[in-house]
Amino acid sequence: MKTILITGLLVMTALLLHGTPKFHTCAGVKKQETVVLLHGLARSAKAMNKLEKKLNAEGYTVINHDYPSTSATIEELTADIFQTLEPEIADAETVHFVTHSMGGLILREHLENRKLPNLGRVVMLAPPSRGSEVTDKLGGVFLYKWINGPAGDQLGTNGHPLRLKAPDFELGIIAGDRSINPVLSMLIPGPDDGKVAVARVRPAVYSDYLQLHTTHATMMWNRTVIKQTVHFLQNGRFHVDGASCSVKLRSRSTTADQNATGTSGGPS
């Protein structure tokens, strides 16, 4: 009995002197994981600030990259962006990407002829994977060109997005089906987010898909979008609870799947 009491006292003394044992939290485990954020057309890195804050809180190293999206073509923007990014991400154990709208095309353009050996998972928010009717119908208008620049002119349903090869990485797609722009929505057949038709968001291949009642312009601030983005980065799939969102899941899409839904172009 005396031995047990003495042992207990020694353990308590050690804890008081050295503190309680430290356990790795989930945040600590992610220290070697980097997330790159790429905003969309005619936006800035500020548009991704809420995502940046949440991902930092989860323990990721976050690079919220700003670029002049209306100043050049998609190809030229991509070259400039990754010339800056590559040295920053070269030593990271794993590099994930979260993109909004045209930011997804920037990443896919880079991966056309280049490899990222440490590439992890990717979440694309409302990517124009199959072009947008908005560009088809307004691309020749001076005001559209002035606002969106050379890259904006490439986002038609027969434009740059359709020339990209199918993604070969873990990819989660989130689409919005709410519009706050009735004028542009009149140009888009079927459900849309105010810029891109729901039917044109998915590329030929993806890992998981989620459709939420949110808009193109504000989805990166949406709490559910942010929560689902983090879940995909951590698990490679979206969380489905059937309560708060309209969900459509595909473990792996094929071109035949896309054709069956009547999708043949590309979002913006």
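Val-141 is found in the loop that runs between helix H6 (133-138) and helix H7 (142-152), where helices (H or I, at least four residues) and strands (E, at least two) are DSSP runs numbered from the N terminus. The model is a predicted one, in which local features need pLDDT of at least 70 and side-chain atom pairs count only at pLDDT 80 or more, while totals for chains, interfaces and linings use all residues. Residues are numbered from 1 along each chain as its sequence is written, and side-chain values use heavy atoms, with hydrogens and water left out.

Val-141 counts as partly exposed because its relative accessibility is 38%; buried means under 20% relative accessible area, exposed over 50%, and partly exposed in between (1.4 Å probe, protein chains only).

A contrasting case is His-160, found in the loop between H7 and strand E5 (171-176), which counts as buried because its relative accessibility is 2%. The C-alpha atom of His-160 is separated by 8.6 Å from that of Leu-105, and these two residues are 55 apart along the chain.

The largest cavity contains about 60 Å³ of space, a volume being the space filled by probe spheres set on the points, which are joined across faces, edges and corners. Its lining is formed by Arg-108, Leu-111, Glu-112, Lys-165, Ala-166, Pro-167, Asp-168 and Phe-169.

Definitions and conventions. 1 Å grid on protein atoms, 1.4 Å probe; cavity = no way out; pocket = protein on both sides within 12 Å on 5 of 7 lines; lining within 4 Å.
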